[in-house]
Amino acid sequence: MTLLCHLVQATRPRPSFVPLLSRPPCRLPPGRRLANSASLSSTSSTVNLTYDVFDGKSDSPTPLVFLHGLFGSKSNFQSIAKSLVQRTGRKVLTVDARNHGNSPHHPELTYEAMSGDLLQLLTQLHIDKCILIGHSMGGKTAMTTALTQPALVERLVVVDISPAQSNTRSDFHLYIDAMRDVNVPSDLPRSTARRSAEDQLRHRVKEHSLRQFLLTNLVERNGSYTWRVNLDAVSAHLDDLMSFPSVDSTYHGPTLFLGGAKSPYISSEDYPKIERLFPCASIQYIPDAGHWIHAEKPLDFISSVVTFLRS
């Protein structure tokens, strides 16, 4: 099936939301075997992920599950989750990945490992089918899960990332070095400590909004200020995080790739791989949005997701 791409040119006016084109339902080609859990192997042990649940009133048994990006946490989607509960009536889960938020630290940080953590969580919660919505790193975890556990994923939304190599498009290694060099005295009030940390980040992390995002990881533990994200694990696995697992399978469920019009993370060079792995995918771009679409354009983001769910 042909990939349906909704391309919005950054140089011309466009509406904030482009509706999906009508298309016949995607079907599994005769003789094609869906991927199973053995398609990707992982030697890591799973960890018990922390999560928040936002209960809906709908009779629909399929919840929405949000997976955040690198350096993020489940709190990134709190307001989005509440809005989607109101708009759709569905239950919404927001999840902290391993080495992020309040989830446990572990030396391994690969997409196979994070997908395994997610599978364990959903099994514990007796969720046998969900709609995965993942941003950046979380988008790659969601794609990995859909490709290896297709029966679990009813629909898939991938936010501003593709299954392509992305190490040339990021400065994450610079952010890690900058965060490691931050030294905040333990006797400072939290507001003063945050300002001190920002001042130390400023000369290497120029963008104010990005500094504020990184600073959400600054926490006080046992009387000292530290980063809750596991910088050692992120640094050791940065190549893994910037790449994507090698897979020889496809996910035939409805899929939306939702990109920021000002972001480079979903480019035309990625379309062939998207089409091969996700033959029922559509691609849309949110005008005037960068990488953090849900934070920069929350109303457009919510409208795109809701329309996709109803299509």
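Where is the place of aspartate 288? Aspartate 288 lies in the loop between strand 10 (281–286) and helix 10; helices (H or I, at least four residues) and strands (E, at least two) are DSSP runs, numbered from the N terminus. The structure is a predicted model, in which local features need pLDDT of at least 70 and side-chain atom pairs count only at pLDDT 80 or more, while totals for chains, interfaces and linings use all residues. Residues are numbered from 1 along each chain as its sequence is written, and side-chain values use heavy atoms, with hydrogens and water left out.

The chain contains 11 helices and 10 strands. Of its 311 residues, 55% count as buried, where buried means under 20% relative accessible area, exposed over 50%, and partly exposed in between (1.4 Å probe, protein chains only). The accessible surface of the chain is about 13,900 Å², and carbon and sulfur atoms account for 49% of that area; accessible areas come from the Shrake-Rupley method with a 1.4 Å probe, and for residues only the protein chains shown count as cover. Among contacts (heavy atoms within 4.5 Å) between residues at least 6 apart in sequence, 77% join residues at least 24 apart.

Helix 1 (residues 78–88) has the buried residues Ile80, Ala81, Leu84 and Val85. Seen down the helix axis, these fall within an arc of 140°, so they line one face of helix 1; the arc is that of the directions from the helix axis to the C-beta atoms. The exposed residues Ser79 and Gln86 are carried on the face turned away from the buried side. The cover over the buried residues of helix 1 includes strand 2 (51–54), strand 3 (64–67), strand 4 (92–95), helix 10 (293–296) and helix 11 (298–310).

Valine 305 belongs to helix 11 and, at 0% relative accessibility, counts as buried. Valine 305 touches Leu84 and Ile133, not counting residues up to four places away in sequence. The C-alpha atoms of valine 305 and leucine 84 are separated by 8.7 Å, although the two residues are 221 residues apart along the chain.

Glycine 89 follows helix 1 and has a positive phi, near 75°. Glycine 89 is placed in the loop between helix 1 and strand 4 and counts as buried at 15% relative accessibility. Leaving aside neighbours within four places in sequence, glycine 89 is in contact with Gly56, Lys57, Ser58 and Leu84.

Helix 2 (residues 111–124) and helix 3 (residues 137–148) pack at an angle of about 75°, with their axes 9 Å apart. Axes are lines fitted to C-alpha atoms, for helices over the stretch in contact, and angles run from 0 to 180 degrees between N-to-C directions. Helix 2 and helix 3 are therefore roughly perpendicular to each other, since angles under 35 degrees count as roughly parallel, over 145 as roughly antiparallel, 65 to 115 as roughly perpendicular and the rest as oblique. Helix 2 contributes Tyr111, Met114, Ser115 and Leu118 to the contact, and helix 3 contributes Met137, Lys140, Thr141, Thr144, Thr145 and Thr148. By class, the contact has four nonpolar, five polar and one charged residues. Here Ala, Val, Leu, Ile, Met, Phe, Trp, Tyr, Cys and Pro count as nonpolar, Asp, Glu, Lys and Arg as charged, and the others, Gly among them, as polar.

Several loop positions were also examined. Asparagine 48 lies in the loop between strand 1 (4–5) and strand 2. Apart from neighbours within four places in sequence, asparagine 48 is in contact with Pro104, Gln120 and Gln124. The C-alpha atoms of asparagine 48 and leucine 121 are 6.9 Å apart, and the two are 73 residues apart along the chain. Aspartate 171, in the loop between strand 6 (153–159) and helix 4 (172–180), is partly exposed, with a relative accessible area of 39%.

Most residues other than glycine have a negative phi. Asparagine 222 is not a glycine, yet has a positive phi of about 55°. Asparagine 222 lies in the loop between strand 7 (218–221) and strand 8 (224–227) and is exposed, with a relative accessible area of 83%. Aspartate 288 likewise has a positive phi, near 60°, in a residue other than glycine, and is partly exposed, with a relative accessible area of 48%.
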